[in-house]
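Which labels in this model can be traced back to a number and a cut-off? Take them one at a time and test each against its definition.

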Amino acid sequence: MKKRGQFTLFVVLGIVLVLLVFLVYLFREDIFVAFSEELSYPSEVQEVVDWNTECLDAAAKEAVSYVSLRAGHYGTDSSFAVDFGDILIPYGYYSRQNTLLSLDQIELNMEAYLKDIAPISCYFFNPYVAENNLSLEGFDLEVGIEDETVQVTWDVPMSFTSESGAYNLDAEHISLVPVRLGFVHGVANHIVEDFVEDPSSFDTESMLDYGVSVDIVQMLDGNNYLIRLVDSEIIDEEGNSYVFVFMGYFDECYEDEDCGDGFTCEENFCVGEEA
């Protein structure tokens, strides 16, 4: 009888344990939220966390705007760009060549830009540094450009001291910038390849088929053109469309002799001869 009683007890305990596991799994999200709330920072610390994340998000948005207005470049060589006073715009098309950067190159340029500006904006100018002994323990990031978004994954560990104690603030933060940089870059490549095939293909209406509006403005020298792609699919909080800009350099010609081997002069442009 004693053994039978022990066996029955083990069976009951097993059933109870299975039920507990099932209930924990069923309500895991509610349990996680409640547990997270228990681990949340005190209000004075949360203010610092919020300020840091807002600053990192703003820096990510600024980086997208900066490189997009410069054909994806950062630290542009002035010999391969047109000077507009406070901005150098590099060439994406130059004399029958596609000189646009790849998305991988643009990602690296954004990372370099953010590593230069973000520690200054989000740490050295951080109002909590002196007030609460905020310390930057490291700094790293990675940029990923997709068709619909740009993602910046930050690794910025900080330590913080307040009246309630010392804290190690969360190091990882993800900034998502809702712009179609990857898509627009693909459109820019299509347009440049059209120019490579036929430098006189300036039909901006047909370019609308690519899904963005295109503005092409000839500079006073006659050879340089400002090419501006405007994507109105996503509008930011200020009501602005996303813009990607690059320069194009087109060789003018008046007769075939003005062009190189294998090219003829058609409508003042050097065009490759048909094979």
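## Labels put to the test

Q: Where does Ser95 lie?
A: Ser95 lies in the loop between E2 and H4. The model is predicted, and the values here are computed from it.

Q: Why does Ser95 count as buried?
A: Ser95 has 17% relative accessibility. Buried means under 20%. Ser95 therefore counts as buried.

Q: What is the phi of Ser95, positive or negative?
A: Positive, at about 50°, although Ser95 is not a glycine. Most residues other than glycine have a negative phi.

Q: Which value of phi does Ala71 have, and where does Ala71 lie?
A: Its phi is near 60°, again positive in a residue other than glycine. Ala71 sits in the loop between H3 and E1.

Q: Why is Ala71 called buried?
A: Its relative accessibility is 2%. The cut-off is under 20%, so Ala71 counts as buried.

Q: How do you know that Ser68 counts as buried?
A: Ser68 has 1% relative accessibility, and the label needs a value under 20%. Ser68 is placed in helix H3.

Q: Which residues does Ser68 touch, beyond those up to four places away in sequence?
A: Ser68 touches Leu181, Tyr242, Val243, Phe244 and Val245. The C-alpha atoms of Ser68 and Tyr242 are separated by 8.6 Å, though the two residues are 174 apart along the chain. Contact itself means heavy atoms within 4.5 Å.

Q: How do you know that the span of H3 is close to the one expected?
A: H3 has 26 residues and reaches 38 Å between its first and last C-alpha. At 1.5 Å a residue, 38 Å is expected. Its buried residues include Val48, Cys55, Leu56, Ala63 and Val67.

Q: What span does H4 reach, and how many residues does H4 have?
A: H4 (residues 103-124) has 22 residues and reaches 30 Å, close to the 32 Å expected.

Q: Where does H4 bend?
A: At Ile117, by about 35°. That angle is taken between axes fitted to the seven residues ending there and the seven starting there. Pro119 follows within four residues. Ile117 and Pro119 are both among the buried residues of H4.

Q: What makes a set of residues a nonpolar core?
A: The residues must be buried, of nonpolar type, and joined through side-chain atoms within 4.5 Å. The largest such core here has 55 residues. Among those with the most contacts inside this core are Leu114, Trp154 and Phe246. Helix H3 (residues 43-68) gives the largest share of this core, 10 residues. A second, separate core has 10 residues, including Val82 and Met247.

Q: Which residues is Phe246 in contact with, leaving aside its neighbours within four places in sequence?
A: They include Ala71, Ile89, Tyr93, Leu100, Val192 and Leu229.

Q: Why do E1 and E9 count as edges of their sheet?
A: The open sheet has 5 strands in the order E1-E2-E11-E10-E9, with mixed pairing. E1 (81-83) and E9 (213-218) each have a single partner strand, so one side of each is left without a neighbour in the sheet.

Q: How do you know that E1 and E2 pair?
A: A pair needs at least two bridges. E1 and E2 (residues 88-94) have 3, in the antiparallel sense. In E2, Leu88 is the bridge partner of Asp83.

Q: How many bridges join E3 to E6?
A: 2 bridges, with the strands running antiparallel. At least two are required for a pair. In E6, Ser159 is the bridge partner of Ser135. H3 packs on this sheet, touching E6 and E7, and its direction makes about 150° with that of E6.

Q: Which side chains of E8 are buried?
A: His173, Ser175 and Val177 are buried and point to one face. E8 pairs with E5 (residues 150-155) in the antiparallel sense over 6 bridges. Gln151 stands opposite Leu176.

Notes
Residues numbered from 1 in each chain as written. Predicted model: local features only at pLDDT ≥ 70, side-chain atom pairs only at ≥ 80, totals over all residues. Heavy atoms only, no water. Expected span 1.5 Å × (residues − 1). Buried < 20%, exposed > 50% of the residue type's maximum accessible area, 1.4 Å probe, protein only. Axes fitted to C-alpha atoms, helices over the stretch in contact; angles between N-to-C directions.
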